[in-house]
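Please open the structure in your viewer and follow the stops below in order.

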Amino acid sequence: MRKKVHKWIWAWNFDKEEKWLNEMSDKGWAMVSYSFCTYEFEKTDSERYTYRLEFLKNGLNHPESQSYLEFLEETGAEQVGSWGRWVYLRKNRKLGGFDLFSDFESKIAHLKRIAFLFVPLALLNLGNGISNILIGIQNTTFINPANFWVGCLCLSAALLLLYGDLRIWLKIKKLEKEKQIYE
Amino acid sequence: MNFGNGALTEAVYYILLSLMQPLHGYGIMQNAEELSHGRVKLAAGTLYGAINTMLEKGWITALPGEKNSRKKEYVITDAGRHVLQMEIARLEELLENGKRILGGN
């Protein structure tokens with residue numbers, strides 16, 4: 001039996017997404033595929049999986065990504081879905097625990113990859129937003145509503161992305177503090 | 001950054017020790033866990049990154065595998081053995097000082 005669940009999760013909450021998928025697996029619903037905002041689950045009576053998400057260094061079809069995914073497969077993990085450079089991975093709990101990163105260094109490197117992706121997008125939207133709003137209100141006798149609203153939209157997108165970056169940055173800071181003391 | 005006398009990470013230390021015999025990725029994970037009595041669990045992504053860095057440094061090398069087999073085996077090099085010896089000397093210093101000052105038992 002299969003079912004589809006539509007759900008939107010912000011990229012900076014990927015740890016919550018993992019938690020949700022693992023809880024679904026606890027209940028016997030194993031995620032088997034992902035397409036935009038749609039998770040497909042399969043009912044399994046005996047199999048339980050641990051799910052992990054990773055934002056790859058390169059595109060999915062890049063040889064480096066392929067060799068990395070092959071390496072993960074050797075350790076018992078399998079890829080069940082992808083979205084851009086995000087991959088959904090799982091490992092049967094019978095084969096043991098499943099984590100992608102076991103030290104601060106690699107956890108921080110992963111978070112930085114995600115954070116850096118948002119920066120240019122946020123700046124682009126910020127620039128677009130401000131210039132459109134300025135054009136929109138330039139002429140006080142004739143406010144150009146289209147420019148103004150497009151500008152507001154871009155500005156909101158920029159703020160959202162910057163908020164996402166802030167969330168990830170806080171996670172990085174927390175890990176870096178620990179790293180000063182522990183390995 | 002390497003300051004010349006930097007400490008190895010636990011992951012690197014156990015990977016090098018494990019590769020005194022040829023092993024593939026999963027074998028390294030199992031061996032490190034066994035050696036440390038279940039304490040050190042190397043995560044796959046971290047292990048992959050460490051293997052690539054050590055290959056670049058020449059501390060380990062990939063064995064020419066069979067054509068059909070995708071699984072790559074790795075083994076320690078002379079340079080890797082040297083790094084391990086240096087690390088063991090450093091750890092001995094830590095241990096001796098700790099026991100002497102704190103009073104070991």
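The largest pocket holds about 1,400 Å³ of space. A pocket here is an open set of points on a 1 Å grid over the protein atoms alone, where a 1.4 Å probe fits, with protein on both sides within 12 Å along at least five of seven lines; lining residues have an atom within 4 Å of a point. The model is predicted, and totals for linings use all residues. Residues are numbered from 1 along each chain as its sequence is written, and chains are lettered from A in the order in which they are written.

Select A:Asp103, A:Glu105, B:Thr9, B:Val12 and B:Thr53: of the 45 lining residues, these lie nearest the centre of the largest pocket. Next, colour the elements that give two or more residues to this lining, among them helix H3 (104–138) of chain A and helix H3 (44–57) of chain B. The latter, H3(B), gives the most, with 8 residues. Helices are DSSP runs of H or I with at least four residues, and strands are runs of E with at least two.

Now show domain 1 (2–95) and domain 2 (104–181) of chain A; both contribute to the lining, so the largest pocket lies between them. The domain bounds come from an automatic or database domain assignment.

Move on to the second largest pocket, with about 510 Å³ of space. Select A:Trp8, A:Ile9, A:Ala11, A:Trp83 and A:Trp86, the closest to its centre among 26 lining residues. H3(A) gives the most to this lining, with 4 residues. Domain 1 (2–95) and domain 2 (104–181) of chain A each supply at least three residues.

Key: This is a predicted model: local features need pLDDT of at least 70, side-chain atom pairs count only at pLDDT 80 or more; totals for chains, interfaces and linings use all residues. Side-chain values use heavy atoms; hydrogens and water are left out. Grid points are joined across faces, edges and corners, and a volume is the space filled by probe spheres set on the points.
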